[in-house]
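Visitor: I'm new to this one and would like to talk it through. Could you show it to me?

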Amino acid sequence: MIGHRNRSLTRSPDMARRRTVALRLGGFVLAASLAAPAQGRAEEGNIFSNLFKYGGTTVPPSQPEALDPAYCPTVEVAEGGAASRTLAGETVRTQFSLGRLARECTRRQDGSITVKVGAEINVLLGPAGAPGRFDVPVTFQIRHDGKTVSSRTERASVIVGPGEAQGFATVVADELQVPAAMTADYDIAVGVGTGKGAGGKPAAKPRRRKPAVAAAPPGGGDAAQ
């Protein structure tokens with residue numbers, strides 16, 4: 001009896017080892033079964049799902065909707081704004097004129113358009129002219145239905161060196177605004193000077209010039225009228 005009781009209560013080392021292994025295996029299976037659902041979920045913001053979906057570990061920012069191309073009319077030379085002269089009595093000192101013109105139009109999210117306009121300015125010396133630095137105002141305008149929507153005057157600095165008869169420079173006007181309601185029908189105009197002629201409207205008749213001529217700016221330069 002005693003021997004039988006001892007045999008029933010005593011466990012062999014092999015049995016204890018097998019039981020330990022079974023428990024350990026059971027724990028591993030349990031842990032794996034709990035972890036499996038979490039690995040199976042592919043949610044926004046998950047590093048692995050983002051890697052396969054977006055090619056990176058983070059969600060890229062949303063892109064704005066594609067905008068329609070902006071209407072961008074050819075730049076016109078304002079009536080009376082193609083050229084301007086300065087005189088010494090009846091003799092031409094300098095002539096300022098427009099050369100090549102360029103524009104770039106960009107549609108904005110609110111439906112409006114911004115226009116960037118560039119102009120090449122040429123300064124030509126007349127018989128009474130002298131080399132130097134010339135400050136030439138250039139007026140840029142956006143118009144709609146014959147009316148000026150926006151206007152800006154930029155100044156081009158043109159240098160005519162010693163022994164030369166003319167000089168060139170470029171001037172650019174940025175961010176000219178076209179309201180959303182006018183983007184389908186507007187005009188771009190450029191003119192030399194700041195007067196009515198540069199604005200494109202018929203220029204007023206020029207006043208008779210006095211015989212006396214004002215002293216030239218330092219270096220022989222002139223300012224466009």
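Predicted model: local features only at pLDDT ≥ 70, side-chain atom pairs only at ≥ 80, totals over all residues.

Visitor: Okay, how many disulfides does the count come to?

Guide: The count comes to one disulfide, and it is formed by Cys72 and Cys105, whose sulfur atoms lie 1.9 Å apart. With 70° about the S-S bond, this link between Cys72 and Cys105 is right-handed.

Visitor: And which parts does that pair tie together?

Guide: Cys72 lies in the loop between α3 (47-54) and β1 (75-77), while Cys105 belongs to strand β3 (residues 91-107), so the pair joins parts that are 33 residues apart in sequence.

Visitor: Is Cys105 buried or exposed?

Guide: Cys105 is buried, because its relative accessible area of 16% falls under the 20% cut-off. Cys72, with a relative accessible area of 21%, is partly exposed.

Visitor: Switching topic, how many aromatic pairs are there?

Guide: The count comes to two aromatic pairs. One of them is Tyr71 with Tyr186, where the ring centres are 5.5 Å apart and the planes stand at 85°, so this pair is edge-to-face.

Visitor: Where do Tyr71 and Tyr186 lie?

Guide: Tyr71 lies in the loop between α3 and β1, and Tyr186 in the loop between β7 (166-178) and β8 (187-192), so the pair ties together parts that are 115 residues apart in sequence.

Visitor: What about Tyr186, buried or exposed?

Guide: Tyr186 counts as buried, at 0% relative accessibility, whereas Tyr71, at 37%, counts as partly exposed.

Technical notes. Residues numbered from 1 in each chain as written. Heavy atoms only, no water. Disulfide = S-S within 2.5 Å. Helix = DSSP H or I, 4+ residues; strand = E, 2+ residues; numbered from the N terminus. Buried < 20%, exposed > 50% of the residue type's maximum accessible area, 1.4 Å probe, protein only. Phe/Tyr/Trp six-rings, centres within 6.5 Å; stacked < 30°, edge-to-face > 60°.
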